[in-house]
Amino acid sequence: MYAKDILIDGYNRIREEVHATVEGLGPDELSARPAPDTNSIAWLVWHLTRVQDDHMADAFGHEQVWLSQDWEKRFGLDLPRRDTGYGHSPAKVARVRVDSGELLTGYYDAVHDQSLDALRGLAAKDLERVVDERWDPPVTLGVRLVSVLSDDLQHIGQAAYLRGLLQSAAA
């Protein structure tokens with residue numbers, strides 16, 4: 001098994017969890033927050049997708065799906081065009097509302113497809129390429145891909161936990 005195959009498996013797991021977490025939830029459940037300073041499922045899934053879209057586009061030199069496929073317009077959020085949710089205040093978290101889970105999964109699937117296309121073309125030597133020199137040590141493509149994978153898995157875990165809280169409260 002090659003490193004790219006392991007990465008592809010990891011990114012496929014994010015997709016599976018995004019669908020499992022969002023499936024069957026309506027707008028109110030997706031936007032529910034257990035406390036005013038916490039995140040919603042909609043925000044968590046939007047954010048993890050934005051991070052993957054932004055970081056993968058930057059690392060592989062292609063345009064973000066958010067912009068190239070008009071997802072920014074479909075979501076219609078009152079946020080800057082390239083916002084990924086990093087450092088959002090509770091008020092900004094509240095702006096991320098969706099009419100359906102299909103909007104979230106549709107955007108995630110489009111980002112996932114572009115990510116897998118990039119990952120399939122990887123050679124082992126590509127993982128050593130520096131993609132961000134703002135850090136010490138500079139960030140390689142391999143480190144960036146694992147960082148995005150880790151961040152996304154943490155956020156979808158948070159969203160799944162929140163789904164469980166909502167379901168137990170409703171029962």
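**Entry 1: the annotated span**

I began with residues 13-159: their end C-alpha atoms lie 14 Å apart, and the span is 61% helix and 3% strand. The UniProt record, an unreviewed entry, annotates residues 13-159 as "domain: DinB-like". I noted that UniProt positions are given in the numbering used here, that feature names are shortened, and that annotations may be inferred rather than shown by experiment.

Two reminders to myself on where the values come from. This is a predicted model, where local features need pLDDT of at least 70 and side-chain atom pairs count only at pLDDT 80 or more, while totals for chains, interfaces and linings use all residues. Residues are numbered from 1 along each chain as its sequence is written, and side-chain values use heavy atoms, with hydrogens and water left out.

**Entry 2: the core**

Next I looked up the largest nonpolar core, which has 46 residues. Such a core is a set of buried Ala, Val, Leu, Ile, Met, Phe, Trp, Tyr and Cys residues joined through side-chain atoms within 4.5 Å. Buried means under 20% relative accessible area, exposed means over 50%, and partly exposed is in between (1.4 Å probe, protein chains only). Y11, W46, F75, L104, L119 and L145 touch the most other members. The elements giving two or more residues to this core are α1 (3-22), α3 (41-60), α4 (65-68), α5 (71-75), α7 (101-120) and α8 (141-170).

Not counting residues up to four places away in sequence, L119 touches K4, L7, I8, Y11, M56 and L145. Contact here means heavy atoms within 4.5 Å.

**Entry 3: α1 and its two partners**

Two packed helices are described by the angle between their axes and the distance between the axes. I took the axes as lines fitted to C-alpha atoms, for helices over the stretch in contact, with angles running from 0 to 180 degrees between N-to-C directions. Angles under 35 degrees count as roughly parallel, over 145 as roughly antiparallel, 65 to 115 as roughly perpendicular and the rest as oblique.

The axes of α1 and α8 come within 10 Å and cross at roughly 20 degrees, so I wrote these two helices down as roughly parallel. On the α1 side the contact includes L7, G10, Y11 and I14, and on the α8 side it includes L145, V146, V148 and L149.

Then I turned to α7. The axes of α1 and α7 also come within 10 Å, but they cross at roughly 175 degrees, so this pair is roughly antiparallel. Among the residues making this contact are K4, L7 and I8 of α1, with L116, L119 and R120 of α7.

I stopped at V18, which lies in helix α1. Buried or exposed? V18 is buried, at 0% relative accessible area. Leaving out residues up to four places away in sequence, V18 touches V45, L48, T105, Y108 and I156.

V131 is found in strand β1 (residues 130-132) and counts as buried at 18% relative accessibility.

What joins D136 and P137? I found a cis peptide bond, with omega about 5 degrees. P137 is in the loop between β1 and β2 (139-140).

D70 sits in the loop between α4 and α5. D70 has a positive phi of about 65 degrees although it is not a glycine, and it is partly exposed at 37% relative accessible area. V131 and D70 are 61 residues apart in sequence and 26 Å apart in space, C-alpha to C-alpha.

R81 lies in the loop between α5 and α6 (90-95) and is partly exposed, at 47%. Neighbours within four places aside, R81 is in contact with R50, W66, L67 and E72.

Last, I checked S31 in helix α2 (residues 27-31). S31 is buried, at 11%, and its contacts beyond four places in sequence are S40, V96, R97 and V98.

Methods: Helices (H or I, at least four residues) and strands (E, at least two) are DSSP runs, numbered from the N terminus.
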